[in-house]
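Welcome! Here is a short tour for anyone meeting this structure for the first time. Have a look at it below, then read on.

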Amino acid sequence: RMMMNTSVVKLRKTSRPILCSFFTSDRKRPARRRYSFRSWATRILIEIYGTTPVATENKLPNLQHHDEHPVVSKDDDEHVGSEIEKDASSDPMLVLHVGPKKTGTTTIQCSFVGHASLLASSSSFRYLGKTPGFGCGISEQTPDHLDGTGATDTNESIVPLYDDVASLLKQGHSPIFSSETISTEIRAFYKENIPKPETVRLIERIKEEGGWNTKIILMYRRYFDWVISYYRQRLSITQEFESGKYDCHISIVSFFEKAEAGFKTDYSPDAHPVQLCTEAIENVLGIDVTLVNMYRQLPTDRGDLLAVLVRQGLPDAEEFYQLLEHEEKHPALHADADLTDWLHFAFAAYKEGLVPSSSKFTPKKLARKLKKKSEVIRELLGGTIPKSCLHEDTLKTLLESSLRFEKEIYPEWSSRGDVEREHREAFNTYRKGGRFCEVDVKKVLENMEVRDLVKRKVITMVRV
């Protein structure tokens with residue numbers, strides 16, 4: 001039997017303060033096409049099965065699975081060992097893959113969508129969403145019902161969702177939903193005085209009325225890798241720039257410096273994102289989190305994040321995992337790191353008055369134009385574009401934090417010498433490759449010829 005690792009994680013509680021909100025979303029969300037979850041889910045079920053499911057009370061037999069290397073805290077070995085047996089049941093359950101952010105969530109969602117029929121034909125799992133509206137050639141938008149963003153004081157809004165999920169569960173199927181927003185909302189509910197998220201109400205109701213459990217899966221990404229990716233993502237969110245939050249993105253250096261002041265929801269220098277999410281989930285829902293380690297891969301995974309998640313997080317989908325080996329994997333989705341530099345440039349140009357306030361300014365559009373002129377800008381600057389990099393003290397602290405978090409989360413696995421060595425080598429590869437640097441826009445914009453070039457590009461944009 002192929003090894004199918006199930007890692008039920010009891011992360012060590014930390015006494016460190018959880019930093020308060022910085023990237024709270026007070027911006028308006030872009031308009032989205034609204035769908036009835038019932039009609040949306042029914043269309044997917046018809047496409048997969050040829051008809052809508054008929055409710056039945058049958059359940060699958062209770063099987064047990066064990067992790068080859070259980071991931072536990074040193075203080076909780078016995079407790080977590082019993083939880084592995086209980087949680088690894090093949091009884092139907094709701095499965096939520098909830099990120100956190102910047103851990104390959106969109107890539108995994110695209111892969112689930114592309115292999116939904118294969119998953120249904122080879123396992124008891126049924127993928128219901130989220131369907132990314134970008135990045136993987138899928139135009140359908142996610143219905144609001146399980147987007148993780150809803151909060152309500154009543155149970156009325158979850159009735160259609162509950163009916164659809166319960167219908168699958170009654171047949172012995174385990175619905176899967178993937179949305180990193182769910183973990184963000186649960187963390188916000190845990191730390192702030194906001195109404196209970198709809199997802200929490202759903203989990204409570206299926207337990208109370210149907211006796212079904214919920215499995216929550218998080219993906220682990222090393223801290224130094226995660227935080228750089230997170231910074232670049234925040235810099236690329238133009239809505240935050242337009243609402244005035246671009247001051248927080250003045251440079252990668254100030255980003256890390258301001259982190260020490262404590263101003264972020266998703267990011268803390270004192271704890272790993274999966275530690276923050278796990279603390280909230282366990283306290284709000286009383287559910288042990290299943291943590292998938294993207295660095296513990298087998299040759300049969302082929303570098304496919306979906307395969308890694310299925311092998312470690314869904315042991316009952318073994319046949320699906322085996323079939324995935326012969327399927328075309330969805331390529332990992334990566335943001336354009338070079339464009340991020342030029343977005344930073346565009347924001348700074350706006351702040352310094354090079355962009356008329358009355359113009360129809362689009363940061364990404366200007367960034368793309370400046371990127372095309374990068375060689376011209378380089379020549380104007382004497383052949384070298386100045387860079388701003390993290391200081392050595394900051395880099396040292398970042399690496400130490402990354403290693404420490406990994407040891408707290410995976411005490412046994414990280415104690416192997418080759419694991420820490422590979423961790424350090426990956427960090428040094430990032431440093432040598434300039435991943436901890438970016439264009440020093442302040443110095444670049446001190447050059448008058450570059451400023452004139454930016455103005456000309458803005459004028460061209462306005463005329464278009």
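This is a predicted model: local features need pLDDT of at least 70, side-chain atom pairs count only at pLDDT 80 or more; totals for chains, interfaces and linings use all residues.

The chain holds 20 helices and 8 strands, and 54% of its 464 residues count as buried. Taking contacts between residues at least 6 apart in sequence, 81% join residues at least 24 apart.

**Helix α12, a covered helix**

- Helix α12 spans residues 305-313 and is mostly covered, with 9 of its 9 residues buried.
- Those buried residues are Leu305, Leu306, Ala307, Val308, Leu309, Val310, Arg311, Gln312 and Gly313.
- What do they pack against? Their partners are the strands β2 (93-97), β5 (213-220) and β6 (289-293), together with the helices α3 (105-114) and α13 (318-324).
- The N-terminal end of α12 is capped by Asp304, which places a side-chain oxygen 3.0 Å from the backbone nitrogen of Leu306.

**Gln312, a residue of α12**

- Gln312 lies in α12, and its relative accessible area of 3% falls under the 20% cut-off, so Gln312 is buried.
- The side chain of Gln312 reaches the backbone nitrogen of Asn293 at 2.8 Å.
- The Gln312 side chain also reaches the backbone oxygen of Arg296, at 3.1 Å.

**Where α3 meets α12**

- The axes of α3 and α12 come within 8 Å and cross at roughly 80°.
- An angle from 65 to 115 degrees counts as roughly perpendicular, and α3 and α12 are therefore roughly perpendicular to each other.
- On the α3 side the contact involves Ile108, Ser111 and Phe112, while α12 brings Leu305, Leu306 and Leu309.
- Sorted by class, this contact of α3 with α12 has 5 nonpolar residues, 1 polar residue and no charged ones.
- An α-helix has 3.6 residues a turn, so residues three or four places apart point the same way.

**Where α6 meets α11**

- Helix α6 (residues 180-191) and helix α11 (residues 273-285) have axes that come within 9 Å and cross at roughly 65°.
- These two helices, α6 and α11, are therefore roughly perpendicular to each other.
- The crossing of α6 past α11 is left-handed.
- From α6, the contact uses Ser183, Ile186, Arg187, Phe189 and Tyr190; from α11, it uses Leu276, Cys277, Glu279, Ala280, Ile281, Asn283, Val284 and Leu285.
- How do the residues in the contact of α6 with α11 divide by class? There are 9 nonpolar, 2 polar and 2 charged residues.

**Asp225 in helix α8**

- Asp225 sits in helix α8, which covers residues 223-236.
- Is Asp225 buried or exposed? Its relative accessible area is 11%, so Asp225 is buried.
- The side chains of Asp225 and Arg221 are joined by a polar contact of 3.1 Å.
- If neighbours within four places in sequence are left aside, Asp225 is in contact with Tyr295 and Tyr430.

**Ile409 in helix α17**

- Ile409 belongs to helix α17, which runs over residues 392-409.
- With 2% relative accessibility, Ile409 counts as buried.
- Ile409 and Tyr220 are 189 residues apart in sequence, yet their C-alpha atoms are 9.3 Å apart in space.

Technical notes
Residues are numbered from 1 along each chain as its sequence is written. Side-chain values use heavy atoms; hydrogens and water are left out. Axes are lines fitted to C-alpha atoms, for helices over the stretch in contact, and angles run from 0 to 180 degrees between N-to-C directions. Helices (H or I, at least four residues) and strands (E, at least two) are DSSP runs, numbered from the N terminus. Angles under 35 degrees count as roughly parallel, over 145 as roughly antiparallel, 65 to 115 as roughly perpendicular and the rest as oblique. A crossing is left-handed if the near helix is turned anticlockwise from the far one by less than a right angle, and right-handed if clockwise. Contact means heavy atoms within 4.5 Å. Ala, Val, Leu, Ile, Met, Phe, Trp, Tyr, Cys and Pro count as nonpolar, Asp, Glu, Lys and Arg as charged, and the others, Gly among them, as polar. Buried means under 20% relative accessible area, exposed over 50%, partly exposed in between (1.4 Å probe, protein chains only). A polar contact is a pair of N or O atoms within 3.5 Å; within protein, one must be able to donate a hydrogen and the other to accept it, and residues adjacent in sequence count only if both atoms are side-chain atoms.
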